[in-house]
Amino acid sequence: MRSSLRDASPRRYLMCPPVHFKVTYSINPWMDPAKPVDLPLALTQWEDLRDRYRALGHTVELLEPQPDLPDMVYAANGATVIDDRVLGARFAHPEREAEAAVHLAWFRAAGYTEIHEPLHINEGEGDFAVTSSYVLAGRGFRSSPLSHDEAQEFFGRPVIGLELVDPRYYHLDTALSVLDDAADEIMYYPGAFSPGSRKVLQRLFPDALIAEERDAAALGLNAVSDGRHVLLPQAAVGLYEPLRDRGFEPLGMDLGELLKGGGSVKCCTQELRP
Ligand code: ARG
């Protein structure tokens, strides 16, 4: 039986237009510098996502894109914000290092006062996912396990470390997505996690929506939910019905050009949690 539709709650997001987007280096298996990127199309696809958020009643703040930082469009990686507290990022690869300061400058200009510049490598919401009970934290490819303690101390919330084992799912947000943060409801692809981390997920989230490999491979877990609408890569068709069955409204988005950099809906969206 299908559940009744959920309630959305208004969100505030930080995004960065892909004005300087290109794939000239490869730091994840999705990136192939030999494959051309259609920049006007990338921009149109990104604008569709931005406009969709606004049409749903959410606020979208914008970061100024920088010419030498082609991955800045993946704004989720630049910080993690919970309770208006900003944990800055520290990138694993030198190609993205300078993005962290651009994010910090934005937060200072926006009037945030609780800002922590991290000691340990963490790629923002690429590896941190937030529910009301936990901060779920990925490690294995990018964020250091030491960043998990640092986040726990800064946010004062329990951080659950999860080990990623498949290079295609190099960030937590490529393998797991929060559907209802208030109710601790998530979806994930078990194959991306170590056996121990899979058991942890089963124990904490026994009712999670379990994604199939083909939907994970379409980056279907790289989704953003406002509690009702779930914006996700449109090719992840196997997720639509299970989401509807739970009372969510899946909204398929075409971010095909940004997939060439190894990211989709969630990577382009940093949530600013009050
Ligand atoms: N090319 C970027 C990288 O490899 C993609 C980042 C995607 N972002 C994300 N939140 N998973 O760093």
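Which residue in β4 does A79 stand opposite? A79 stands opposite G88 in β4.

## Model and confidence

This is a predicted model, in which local features need a pLDDT of at least 70 and side-chain atom pairs count only at pLDDT 80 or more, while totals for chains, interfaces and linings use all residues. Residues are numbered from 1 along each chain as its sequence is written.

The average pLDDT of the chain is 97, where pLDDT is the predictor's confidence in each residue, from 0 to 100. A score of at least 70 is reached by 100% of the residues. For the complex, the predictor gives an ipTM of 0.96 and a pTM of 0.97.

## The sheet β3-β4-β5

Helices (H or I, at least four residues) and strands (E, at least two) are DSSP runs, numbered from the N terminus. Two strands pair if DSSP finds at least two bridges between them. Three strands make up an open sheet of mixed pairing, in the order β3-β4-β5. Its edge strands, β3 (79-82) and β5 (115-116), each pair on one side only.

Strand β4 (residues 85-88) and β3 pair in the antiparallel sense over four bridges. By contrast, β4 and β5 pair in the parallel sense over two bridges, and V86 stands opposite I115 in β5. In a regular strand the side chains alternate between the two faces of the sheet.

The strands β3 and β4 form a hairpin with two residues between them. D83 is found in the loop between β3 and β4, and its phi is near 55 degrees, a positive value in a residue other than glycine. A residue is buried if 20 or more other C-beta atoms lie within 10 Å of its own, exposed if 12 or fewer, and partly exposed in between, with C-beta atoms placed from the backbone. D83 counts as exposed because it has 11 C-beta neighbours inside 10 Å.

## The sheet β9-β10-β11

A further open sheet consists of three strands in the order β9-β10-β11, again with mixed pairing. The edge strands are β9 (176-180) and β11 (209-210), each of which pairs on one side only. Strand β10 (residues 185-188) runs parallel to β11, and two bridges join them. The bridge partner of Y188 in β11 is I210.

D184 lies in the loop between β9 and β10. Its phi is near 55 degrees, a positive value in a residue other than glycine. D184 has 16 C-beta neighbours inside 10 Å and therefore counts as partly exposed.

## The nonpolar core

A nonpolar core is a set of buried Ala, Val, Leu, Ile, Met, Phe, Trp, Tyr and Cys residues joined through C-beta atoms within 7 Å. The largest such core has 67 residues, of which A175, L221 and C268 touch the most other members. Helix α1 (residues 39-55) contributes the largest share of this core, four residues.

Two residues are in contact if their C-beta atoms, placed from the backbone, lie within 7 Å. Not counting residues up to four places away in sequence, L221 touches T174, A175, L176, S177, M187, Y188, Y189, A211 and A216.

## The ligand shell

A residue is near a molecule if its C-beta atom, placed from the backbone, lies within 6 Å of it. There are 16 residues around the ligand, and Y74, G126, H171, G263 and C267 come nearest.

The shell divides into five nonpolar, eight polar and three charged residues. Here Ala, Val, Leu, Ile, Met, Phe, Trp, Tyr, Cys and Pro count as nonpolar, Asp, Glu, Lys and Arg as charged, and the others, Gly among them, as polar.

## Residue A109

A109 is located in helix α2 (residues 99-109). This residue counts as exposed because it has 8 C-beta neighbours inside 10 Å. A109 and L239 are 130 residues apart along the chain, and their C-alpha atoms are separated by 39 Å.
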